[in-house]
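Here is a short briefing for a first look at a protein fold. Read it with the structure open beside you.

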Amino acid sequence: RRQALMIYKDKPSQTRDGHKVTLLANVGNLSEISHVTDVGAQGIGLFRTEFLLMNAKALPDEHQQYKLYCDALHSLQGEVLTIRTFDIGADKEIPFLPQNNEDNPALGIRGIRYSLAHPETFITQVKAALRAANHGQVRLMFPMVSQVEELDAAFLLIERAKSELNEQEKGFGALSYGIVVETPAAVLNLPSMLPLLDFVSIGTNDLTQYTLAADRTNPHLAKQYPPLSPAVIQLIALTISHCKHTHVSVSLCGELGSDPQVLPLLVGLGLDELSINPANLLDVKVALIEGNYTHFVNHAQHIALLTRITDIREAINAFSLDCD
Ligand code: PEP
Ligand code: MG
C-alpha cells in the first residue's frame, strides 16, 4: 500500500476544486526526519525536541542543538522547520534535569511553565534556534501556554538570548513565534495573545485531555472522551475563528490530523495547514486530493450542529463512505 501511495507524493496538495492545504510532518525522533521528505511533506510542523533529552545523559549544549537544527533544515531543503521548545514535565521525566515530584504532573510544571522556571535551559535552546534561523525558515513554538503573561516572560528571555548572541558575536536570523493551543484557557485567551504571535498550532491530544478532564494515557477513557466530541470541535472552531480574524496562521498538530477520515471536517472548519505523522501523511493527502472543499464545508457545518459523539462518528463514517 505504501508503494501505491507514493504516486501522490509530488501531486499538488489541494482538493479537486483547487483549495490548497499545506501538509507538514510531526517529528519525534531523528530517524523520522528522513521520512519527512520521503512522503513529500512541505516541512516539519512539529519537531518534538524532548526526544533530544529522552535517551541522553546530559542536556545537549547550544552548539549541539544548533548543529542538529541545521541538519534538520538541510534535509528539509528550504522547507519550514517548526521547533517546539522542550515540553518537559507531565509524564516526561528527564533524569538529569531538576524536576519536582508533583501530585498532578499533567497539571504541574510542564511545557512553557518549566521553561520559565528554568530560564537557562530555555535560553540555550532559543539561542540554538536563532542561530539555525540564519540557515533556513525556522519557527519557534511554545507548548502549554495558556495566558499572555507567559508570552511576555518568554519574549523577555528571547531578548536576553539575542543580546547574548550579539555579545558573543554569533550570527542569527529571524524566527517566527507561535504556541501550541492545548488548553481551553489558551483558546479563550487568544485575543490577548494573537497580537504577539505569528502562528498557532492546535494540539488536540492535550486540548482533549484538558477540556474533557480525561487523562490522555488512560485507555479506559479513550472511547468516551475522544477529540471528536462537541466541546473539542467547538474549541477547534473558535481557535480558527480567532486566528482568521487577526490574520494569524493556524495549524493543527494533534493526532486527529493524522486520520484521513477526519480531514474533511478539519479542512471544512477552515484549517489550511496540518501537521501529520509521516506514516499517515500520504493517506491524509489522498483524502484531500479526492475531495471537494465545498463538500468539506457543508460536512463541517453539519457536524457543528451535532451534540452526540456517536452522531459525529457516524457522520464522519458516512462522509468517507460517500467518497468511495
Ligand atoms: C498535542 O498535545 O496535541 C501535541 C501535538 O503535543 P504532544 O502530543 O507532544 O503533547
Ligand atoms: Mg501537547
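Which residues in H4 meet which residues in H6? From H4 come Glu62, Gln65, Tyr66, Tyr69, Cys70 and Leu73. From H6 come Thr124, Gln125, Lys127, Ala128, Ala129, Arg131 and Ala132. Seven of the residues in this contact of H4 with H6 are nonpolar, three are polar and three are charged. Keep in mind that this is a predicted model. The points below go through the helix pairs, the sheet and the ligand.

**H4 and H6**

- Helix H4 spans residues 62-76, and helix H6 spans residues 119-132.
- Their axes are 8 Å apart, and the packing angle is about 40 degrees.
- H4 and H6 are therefore oblique to each other.
- The crossing of H4 past H6 is right-handed.

**H6 and H7**

- H6 also packs with helix H7, which covers residues 148-167.
- The axes of H6 and H7 come within 9 Å and cross at roughly 60 degrees.
- That angle makes H6 oblique to H7.
- Here too, the crossing is right-handed as H6 passes H7.
- H6 brings Pro119, Phe122, Ile123, Val126, Lys127 and Leu130 to the contact.
- H7 brings Leu157, Ile158, Arg160, Ala161, Lys162, Glu164 and Leu165.
- The contact of H6 with H7 has nine nonpolar residues, four charged and no polar ones.
- Lys127 of H6 takes part in the contact with H4 and also in the contact with H7.

- Take one pair: E2 and strand E3 (residues 80-84) are parallel and share four bridges.
- Ile44 has Leu81 in E3 as its bridge partner.

- H10 passes H11 in a crossing that is right-handed.
- On the H10 side, the contact uses Thr204, Leu207, Thr208, Thr211 and Leu212.
- On the H11 side, it uses Ala231, Val232 and Leu235.
- Five residues of the contact of H10 with H11 are nonpolar and three are polar, with no charged ones.

**Around ligand 1**

- Which residues surround ligand 1? They are Leu46, Arg48, Asp87, Glu182, Gly203, Thr204, Asn205, Asp206, Cys253 and Gly254.
- Four of the shell residues are charged, four are polar and two are nonpolar.
- Strand E2 (43-48) and helix H10 (204-212) each supply at least two residues of this shell.
- H10 gives the largest share, three residues.
- Thr204 belongs to the shell around ligand 1 and also to the contact of H10 with H11.

Technical notes
Residues numbered from 1 in each chain as written. Chains lettered and ligands numbered in written order. Predicted model: local features only at pLDDT ≥ 70, side-chain atom pairs only at ≥ 80, totals over all residues. Near = placed C-beta within 6 Å. Nonpolar A, V, L, I, M, F, W, Y, C, P; charged D, E, K, R; others polar. Axes fitted to C-alpha atoms, helices over the stretch in contact; angles between N-to-C directions. Parallel < 35°, antiparallel > 145°, perpendicular 65-115°, else oblique. Left-handed = near helix turned anticlockwise from the far one by under 90°. Contact = placed C-beta atoms within 7 Å. Pairing = 2+ DSSP bridges.
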